[in-house]
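Me: Please take me through the model shown here, one question at a time.
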Amino acid sequence: MAITGECFCGSIKYQIDGKLKDARSCHCSRCRKVFSSAASAYALVEAAEFTWLEGADLLSSYQSMPDFGFQFCSKCGSTLCGTHKGAPHGVTLGCINGDPDIEIGYHLYIGSKAKWEVLPTGVKAFNEGPPPQN
């Protein structure tokens, strides 16, 4: 079954014909700003499985580092997805409609989380990025 999502005002809608992968929450200061939250809630997608259904002309893009960036609704400001080389790389879980059938697997950069944020006990967390996979 397809996964759908949309911005806060409903002007931009998308569909994912696949599964979300590698859900994570990042607590660095940059993610707090781009997500307007204590942390991000983000999962990876295959670009070939992602389709803008409505409102693609309303997208605003911001390149945060070479080859990587974010896309936002120009009307309501919702952060909808992250991009790699201009293509959707992942989606913000808060803009998903219904149950995305995924859970946050780990928390990143908790060493720089906001002092007012309290993490739940027992979560897999890393002071910086996750350790390299062998």
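Me: What is the sense in which E1 and strand E2 pair, and over how many bridges?
Reply: This is a predicted model, in which local features need pLDDT of at least 70 and side-chain atom pairs count only at pLDDT 80 or more, while totals for chains, interfaces and linings use all residues. Residues are numbered from 1 along each chain as its sequence is written, and side-chain values use heavy atoms, with hydrogens and water left out. Strands (E, at least two residues) and helices (H or I, at least four) are DSSP runs numbered from the N terminus, and two strands pair if DSSP finds at least two bridges between them. Strand E2 covers residues 13-16, and E1 pairs with E2 in the antiparallel sense over four bridges.

Me: Which residue in E2 is the bridge partner of glutamate 6?
Reply: Strand E1 spans 3-6. The partner of glutamate 6 lies in E2 and is lysine 13.

Me: In what order do the three strands form the open sheet?
Reply: Strand E1 (3-6) and strand E5 (50-54) are the edge strands, each pairing on one side only. The pairing is antiparallel, and the order is E1-E2-E5.

Me: What is the average twist from one strand to the next?
Reply: Axes are lines fitted to C-alpha atoms (for helices over the stretch in contact), and angles run from 0 to 180 degrees between N-to-C directions. From one strand to the next, the twist averages 25°.

Me: How many aromatic pairs does the structure hold, and what kind do tyrosine 14 and tryptophan 52 form?
Reply: Rings of Phe, Tyr and Trp (its six-membered ring) pair if their centres lie within 6.5 Å; planes under 30 degrees apart count as stacked, over 60 as edge-to-face and the rest as tilted. The structure holds six aromatic pairs. For tyrosine 14 and tryptophan 52 the centres are 5.9 Å apart with 85° between the planes, and the pair is edge-to-face.

Me: Why does this pair tie together separate parts of the sequence?
Reply: Tyrosine 14 belongs to strand E2 and tryptophan 52 to strand E5, so the pair joins parts that are 38 residues apart in sequence.
Ring pairs also link Tyr14 and Trp52 into a cluster with Phe50.

Me: Is tyrosine 14 buried or exposed?
Reply: Buried means under 20% relative accessible area, exposed over 50%, and partly exposed in between (1.4 Å probe, protein chains only). Tryptophan 52, at 22%, is partly exposed. Tyrosine 14 has a relative accessible area of 0%, so tyrosine 14 is buried.

Me: What kind of pair do phenylalanine 35 and phenylalanine 70 form?
Reply: With centres 6.1 Å apart and planes at 85°, the pair is edge-to-face. Phenylalanine 35 sits in helix H1 and phenylalanine 70 in strand E7, 35 residues apart. Phenylalanine 35 has 16% relative accessibility and counts as buried; phenylalanine 70, at 15%, is also buried.

Me: Which element supplies the largest share of the lining of the largest pocket?
Reply: A pocket is an open set of points on a 1 Å grid over the protein atoms alone, where a 1.4 Å probe fits, with protein on both sides within 12 Å along at least five of seven lines; lining residues have an atom within 4 Å of a point. The lining of the largest pocket has 20 residues, and Phe70 is among those nearest its centre. Four residues, the largest share, come from H1.
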